[in-house]
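Here are my notes from going through the model you sent over.

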Amino acid sequence: MKIIADTGKCVGAGQCVLTEPALFDQSEDDGTVIVLDDQPEGELVEKAREAVHVCPSQALLLQE
Amino acid sequence: MTTVEKHEFPMTRTCPFSPPPAYEEIREEEPVSKVGLPDGGWAWVVTRHEDVRTVLNDRRFSADRQHPDFPQLVKGGFRRQGDERTMITMDAPEHGPARKAVLGEFTVRRMEALRPRIQEIVDGQIDALLAGPKPGDLVEALSLPVPSLVICEMLGVPYADHDFFQTHTAKLIKRATTPEERRAAFDTIRGYMEDLIAEKEANPPDDLLGRQIVKLREDGAYRRASLAATGFLLLVAGHETTANMISLSTVAFLRNPEQLAAIKADPGKTLDAVEEMLRYWTIVDAATARLCVEDIEVGGQLIRAGEGVLALGYAANRDPRAFDDPDELDIERGARHHVAFGFGPHQCLGQNLARMELQIVFDTLFRRIPTLALAADVDDLPFKDDANIYGLYRLPVTW
Ligand code: SF4
């Protein structure tokens, strides 16, 4: 599985970071998403799914 | 127009804990319906969770409140042509850069760094409440001063001026305010902001407004009026909303002792409780108006370019398609997909600040005052049925 983030769509709400700080961070400059680990495994897979679900701009995508 | 609007908007709640009953009726029977607006026009209301998210996240809906066809929720409208625009009225591609210019100030990490200071503010206000008369008013002692102090400090606005903003902000959101009064309140706060920013220009301090002056100058994009508009937006948005959430959620916790006990036993649950409170109350739901700029079908209904749309967050947050037993308050339900902060590109910029403030307030309030109780009947509480942001004017509590 791979996480794909579209920073153009990202509105910097930080929902991904709140969901799993091990996978996501936000740029200091403009608040947009930074994917720290785009190939989550184990428990983090569920977290990645949750992040995609709660992201308010549908900026995150999972490639299975 | 051929269809007769069945309902007039805005609608009022009959029960303080539930949306206006018509929301459910519309959502179940005709989820995208026409309603009459205060100025005599009409708009579509969109009520299902999925459809609300579509409206708020599709470029075929514009947020340009200065457009002459934009649905007006208050008589006489609110914006004037030629007013300085802020990010909330912009569409792509103009919107993204404007929002991103301040977004770095509101990241989750930035908010975490504020935690100790917010804790200190909350403790100080609770000290004052405990030292004051019994019963006390939670609104005055805690709900209003906490978010006000925090946003004032962040922006670099003297807190000593807060009575002034409070009075004018209250006028902005009251439905009964006349267009002239609303305009005057708007101009007064805007003028204050311009003066304040002008003072910061010579030697920009290390606060949000000061940092914006520096950053925008570097980008060659600094304009005082434009920054004043942003400052105004952040100040007003930061004041009333969180304050009302503190008051309303306190009532909800006190009426649901098992759920209160759950967060007392495990403060780790407070953030989930905050999400559920946000969903349950959805204090701003009419702010998410849009103008359709290109024909699109939503929920089986064709919406045409030029038609106004109100995406009703409160109806969406009580939609059984998205939440089981939506009218129940259940802090364990996992409510994070609520739309209380909106959805899409305009989703609330201050949401993580709000989350943190609410989390700290609830953890601290119920830990420090475990015997907190309402000092009035729920039926007698002055709920803000006459404002476009729901809340409480006063909340008498004892302990
Ligand atoms: S949740 Fe979505 S919009 Fe928010 S920062 Fe993450 S990717 Fe961006």
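This is a predicted model: local features need pLDDT of at least 70, side-chain atom pairs count only at pLDDT 80 or more; totals for chains, interfaces and linings use all residues.

1. Next, the aromatics. Searching the whole structure turns up 11 aromatic pairs over all chains. One of them is B:Phe17 with B:Trp281: the ring centres sit 5.4 Å apart and the planes meet at 45°, so this pair is tilted. The two partners come from distant parts of the chain, 264 residues apart. B:Phe17 is in the loop between strand S1 (7-8) and helix H1 (21-29) of chain B, while B:Trp281 belongs to helix H12 (residues 270-281) of that chain.

2. Two arginines are worth a click. B:Arg217 lies over the face of B:Tyr222, 5.5 Å from the ring centre. B:Arg279 lies over the face of B:Phe323, at 5.1 Å from the ring centre.

3. Over to chain A for the ligand. The residues around the ligand include A:Cys10, A:Cys16 and A:Cys55, along with A:Val11, A:Val33, A:Pro56 and A:Leu60. A:Gly12, A:Gly14, A:Gln15 and A:Ser57 are also among them. What is the make-up of this shell by class? Eight residues are nonpolar, four are polar and none is charged.

4. Now the open spaces, beginning with the largest pocket. The volume of the largest pocket is about 520 Å³, and 26 residues line it. Nearest the centre are B:Asn57, B:Arg59, B:Ala92, B:His95 and B:Pro345. Helix H2 (49-56), strand S4 (61-62) and helix H3 (95-103) of chain B each put in at least two lining residues, and H3(B) has the largest share, with five. By class, that lining is 12 nonpolar, seven polar and seven charged.

5. The second largest pocket has a volume of about 310 Å³. Its lining has 17 residues, and B:Met90, B:Ala98, B:Leu216, B:Ser226 and B:Thr230 lie nearest the centre. H3, helix H9 (208-218) and helix H10 (224-255) of chain B are the elements giving two or more residues here. Which of them gives the most? H3(B) does, with four residues. The lining splits into nine nonpolar, four polar and four charged residues.

6. The structure has six cavities of 30 Å³ or more. The second largest cavity holds about 190 Å³ and is lined by 20 residues, with B:Met11, B:Arg13, B:Arg175, B:Asp285 and B:Ala387 nearest its centre. The lining of that cavity counts 12 nonpolar, three polar and five charged residues.

Terms used. Residues are numbered from 1 along each chain as its sequence is written. Chains are lettered from A and ligands numbered from 1 in the order in which they are written. Side-chain values use heavy atoms; hydrogens and water are left out. Rings of Phe, Tyr and Trp (its six-membered ring) pair if their centres lie within 6.5 Å; planes under 30 degrees apart count as stacked, over 60 as edge-to-face and the rest as tilted. A charge sits over a ring if NZ of Lys or CZ of Arg is within 6 Å of the ring centre and within 35 degrees of the ring normal. A residue is near a molecule or strand if one of its heavy atoms lies within 4 Å of it. Ala, Val, Leu, Ile, Met, Phe, Trp, Tyr, Cys and Pro count as nonpolar, Asp, Glu, Lys and Arg as charged, and the others, Gly among them, as polar. On a 1 Å grid over the protein atoms alone, a cavity is a set of points where a 1.4 Å probe fits but cannot get out, and a pocket is an open set with protein on both sides within 12 Å along at least five of seven lines; lining residues have an atom within 4 Å of a point. Grid points are joined across faces, edges and corners, and a volume is the space filled by probe spheres set on the points.
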